[in-house]
Amino acid sequence: MFHTRNSSQHEAEFVLLDQLFEEDHLLRKIDFSFIVDKVKPYYSENKGRPSLDPFILFKMMFIAYLNRAMLL
């Protein structure tokens, strides 16, 4: 069914990451600190735009892969 929104998007939702995953969840056990050292040679210190945090990008891809694998 098609309908339009009557309200604007001036609402905020606050989510605490600690509430999303249990203490013994796999994502809490994995140490992702090695990522920064692995990708640092591929980023320029003084050229181009500031990068997105590679740690966050890798973690997002890993979570997507892990969730996809669990659904299969």
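Visitor: At what relative accessibility does Lys59 count as partly exposed?
Guide: In this predicted model, the place of Lys59 is in helix α4, where helices (H or I, at least four residues) and strands (E, at least two) are DSSP runs numbered from the N terminus. Buried means under 20% relative accessible area, exposed over 50% and partly exposed in between, with a 1.4 Å probe and protein chains only. Lys59 falls in the partly exposed class because its relative accessibility is 26%.

Visitor: How far apart are the C-alpha atoms of Lys59 and Ile35?
Guide: Along the chain, Lys59 and Ile35 are 24 residues apart, with residues numbered from 1 as each sequence is written and side-chain values taken from heavy atoms, leaving out hydrogens and water. As the model is predicted, local features need pLDDT of at least 70 and side-chain atom pairs count only at 80 or more, whereas totals for chains, interfaces and linings use all residues. The C-alpha atoms of Lys59 and Ile35 are separated by 9.4 Å.

Visitor: In which helix of the protein is confidence highest?
Guide: Confidence here is pLDDT, which the predictor gives to each residue from 0 to 100; its mean for the protein is 79, and 83% of the residues reach 70 or more. Where pLDDT is low, the predicted coordinates should not be read in detail. Confidence is lowest in helix α1 (residues 17–20), at a mean of 75, and it is highest, at 87, in α3.

Visitor: What pattern does the protein follow, read along the sequence?
Guide: The protein has four helices and zero strands, and buried residues make up 8% of its 72 residues. Read along the sequence, the elements of the protein follow the pattern α-α-α-α.

Visitor: How many aromatic pairs does the structure hold?
Guide: A pair of aromatic rings is described by the distance of the centres and the angle of the planes. Rings of Phe, Tyr and Trp (its six-membered ring) pair if their centres lie within 6.5 Å, and planes under 30 degrees apart count as stacked, over 60 as edge-to-face and the rest as tilted. Counted in this way, the aromatic pairs in the structure number five.

Visitor: What is the angle between the planes of Phe32 and Phe58?
Guide: Phe32 and Phe58 form an edge-to-face pair, with 6.0 Å centre to centre and 65° between the planes. The pair links distant parts of the chain, since Phe32 lies in the loop between α2 (26–29) and α3 (34–39), and Phe58, 26 residues apart from it, in helix α4 (residues 54–71). Phe32 is buried, with a relative accessible area of 4%, whereas Phe58 counts as partly exposed at 30% relative accessibility. The angle between the two planes is 65°.

Visitor: What is the distance, centre to centre, between Phe58 and Phe62?
Guide: Phe58 counts as partly exposed at 30%, and it forms with Phe62 a stacked aromatic pair with 15° between the planes. Phe58 and Phe62 are separated by about one helical turn because they are four residues apart in helix α4, and Phe62 is also partly exposed, with a relative accessible area of 24%. Both residues belong to one aromatic cluster that includes Phe32, Phe34 and Phe55. Centre to centre, the distance between Phe58 and Phe62 is 6.4 Å.

Visitor: With which residue does Arg28 form a salt bridge?
Guide: The structure holds two salt bridges, each being a side-chain nitrogen of Lys or Arg within 4 Å of a carboxyl oxygen of Asp or Glu. Arg28 is found in helix α2 and is partly exposed, with a relative accessible area of 32%; its C-alpha atom is separated by 9.8 Å from that of Asp18, ten residues apart along the chain. With the closest N and O atoms 4.0 Å apart, Arg28 forms its salt bridge with Glu23.

Visitor: What is the N to O distance where the side chains of Lys40 and Glu45 meet?
Guide: Lys40 is partly exposed, with a relative accessible area of 49%, whereas Glu45 is exposed, with 68%. Their side chains meet in a salt bridge whose N to O distance is 3.7 Å.

Visitor: How far are the C-alpha atoms of Tyr43 and Pro54 separated?
Guide: Tyr43 is found in the loop between α3 and α4, and it counts as partly exposed at 36% relative accessibility. Tyr43 and Pro54 are eleven residues apart along the chain, and their C-alpha atoms are separated by 9.9 Å.
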